[in-house]
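I am opening a notebook on a structure that is new to me.

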Amino acid sequence: MPFLIRLLRALTLALALLAAPAVAFAQTAEEAFARFNADSFSDTARAIDILVQSAHPNAGVIIEALADGRLLAGGGAVAVKTKDGGLLDARTGQALSAEPAGVSAVRLNNNVRRAIQAALGSLGLINPDPVRRVAAAEAVFRARDVSALPVLEAAIAKESNDRARRALREAQAAILIVKTDAPPFDRIAAVDVLRERGDQDALATLRALPGDASPALREVQARAVSEIEGKLALWQAGQNLWYGLSLGSVLLLAAIGLAITFGVMGVINMAHGEMVMLGAYTTFVVQELIRANAPYLFDWSLAFALPSAFIVAGAVGIAIERGVIRFLYGRPLETLLATWGISLILQQAVRTAFGPTNREVGAPSFMSGAFELGGLAITWNRLWIIVFAALVFLALLAILKLTPMGLQMRAVTQNRRMAAAMGIRTGRIDALTFGLGSGVAGLAGVALSQIDNVSPNLGQSYIIDSFMVVVFGGVGNLWGTLISAMTLGVANKLLEPFAGAVLGKIALLVFIILFIQKRPRGLFALKGRAVEA
């Protein structure tokens with residue numbers, strides 16, 4: 001009999017222990033719902049913390065509804081209005097047939113909104129999707145909410161994904177840095193975690209170290225800050241180098257057609273920028289036609305725009321050469337004034353046809369967005385423009401080196417009279433060369449439409465830089481144009497952080513002026529009896 005009594009007591013104690021967590025859960029959840037009914041911002045923020053810490057099954061639904069203004073409270077009731085207009089009991093998640101009496105939307109302020117963001121981040125830490133867990137850890141990292149620390153520690157203990165575990169540990173480190181009562185060893189370890197992360201967010205978190213930190217912690221923090229600053233400085237230099245290569249590719253596209261016409265014909269074409277503009281507007285027209293007639297082909301819009309822009313700009317270039325420039329050979333001043341007048345005519349024609357405001361040119365999906373490579377932020381549109389510039393350069397090089405037309409162009413460039421004596425129709429070569437250079441400028445306009453405003457003044461932004469590239473690299477030399485464009489692009493972006501954009505351009509202009517005093521023919525001068533005369 002005593003044995004049975006002891007057995008019954010043990011079973012009663014075990015049942016009480018099992019029931020205790022459920023009772024505690026009910027009490028904490030009920031406290032949260034009571035605080036929602038209190039209609040106080042501080043009580044609402046505390047209710048959010050209670051729901052997260054108690055791991056209430058409806059916590060995510062309730063907090064999302066609160067963020068959207070769909071959480072109703074009053075008269076002891078708490079209800080969630082669903083996005084489709086239904087009603088749920090916040091306590092049980094059961095559907096309600098009617099709105100409880102006396103309820104109204106729970107009010108929000110900035111403190112409550114911050115609590116909501118932190119809570120949603122904490123709830124996301126236990127999401128089954130590792131991508132969502134990483135995003136939640138990043139949200140907690142930025143919020144540095146101390147109340148999320150228990151959830152973080154539990155999530156780290158059972159995390160199996162390496163990327164998610166690293167993000168969770170970084171979020172934990174960000175909290176421990178600002179948690180004044182955390183063990184000193186844990187805070188020092190947190191500094192090491194943030195140093196390994198090594199980005200601007202980690203640097204800002206380390207600088208937020210509270211004033212009560214121990215000397216040992218401050219020493220570790222100072223070393224970590226110095227190391228991150230040095231690393232970020234190197235990455236920033238790399239980022240500026242990338243921007244320089246990107247700018248150089250744009251200058252190459254804008255200048256390479258000018259290098260061809262200037263080299264073969266000796267014509268200072270002030271309307272070259274308008275050929276670029278025509279290419280950009282051709283892209284706009286092609287996209288508008290696709291949007292209206294075949295929107296499913298929008299990602300292929302640039303594939304249609306490239307040949308169209310080349311044909312349009314090339315045809316206009318041939319018309320200019322046959323109609324105006326061929327009567328002005330050997331008269332550089334008149335040619336300059338004539339092409340400048342043509343540029344004004346083309347600008348006004350475009351204003352009349354399309355209006356003076358900027359036109360929107362969309363980017364295909366494969367050119368949208370960006371990705372990170374180490375500490376570099378690389379946009380897809382700039383990367384594709386660099387690739388495109390390289391392809392255009394190689395194509396022109398192949399035309400000049402491997403085709404009969406290229407051979408004749410090089411012959412005319414080196415000695416026009418001798419080429420004519422050998423039976424080459426120099427007038428035809430002039431027209432085709434001008435058309436080729438103008439067509440390449442049209443291709444540049446397609447590329448520039450993805451990174452710049454499409455307006456009647458688009459070409460004017462690049463004409464001076466194009467002449468600088470051509471003069472610096474050597475008139476008519478493609479390799480010189482390539483090296484010149486990349487050199488000026490990189491130098492411009494490396495000077496900007498120190499001298500500013502305007503002073504940087506002025507410094508480059510002064511450098512080029514001094515350079516051509518020593519080498520009037522540029523980096524790579526063409527050779528031949530005519531060009532050397």
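**Entry 1: a loop asparagine**

I started at N269, where a polar atom of the side chain lies 3.0 Å from the backbone nitrogen of A271. I count a polar contact as a pair of N or O atoms within 3.5 Å; within protein, one must be able to donate a hydrogen and the other to accept it, and residues adjacent in sequence count only if both atoms are side-chain atoms. The model is predicted, so local features need pLDDT of at least 70 and side-chain atom pairs count only at pLDDT 80 or more, while totals for chains, interfaces and linings use all residues. Residues are numbered from 1 along each chain as its sequence is written, and side-chain values use heavy atoms, with hydrogens and water left out.

I placed N269 in the loop between α10 (215-265) and α11 (272-293). Helices (H or I, at least four residues) and strands (E, at least two) are DSSP runs, numbered from the N terminus. Is N269 buried or exposed? N269 is buried, at a relative accessible area of 3%. Buried means under 20% relative accessible area, exposed over 50%, partly exposed in between (1.4 Å probe, protein chains only). Beyond four places in sequence, N269 is in contact (heavy atoms within 4.5 Å) with L258, T339, F434, I463 and F467.

**Entry 2: the sheet**

I traced 4 strands in an open sheet, ordered β3-β2-β1-β4, with antiparallel pairing. β3 (87-89) and β4 (104-105) are at the edges; each has a single partner strand, so one side of each lacks a neighbour in the sheet. Two strands pair if DSSP finds at least two bridges between them.

I then went through the pairs.

- β2 (residues 77-81) and β3 are joined by 3 bridges, and K81 stands opposite L87.
- β1 and β2 share 4 bridges, and G74 faces A77 across them.
- β1 and β4 share 2 bridges, with A105 as the bridge partner of L72.

What lies between β1 and β2? They form a hairpin with 2 residues between them, and G75 in the turn has a positive phi of about 65°.

I also checked the faces of β1 (residues 71-74). In a regular strand the side chains alternate between the two faces of the sheet. L71 and A73 are on one side of β1, L72 and G74 on the other, and all are buried.
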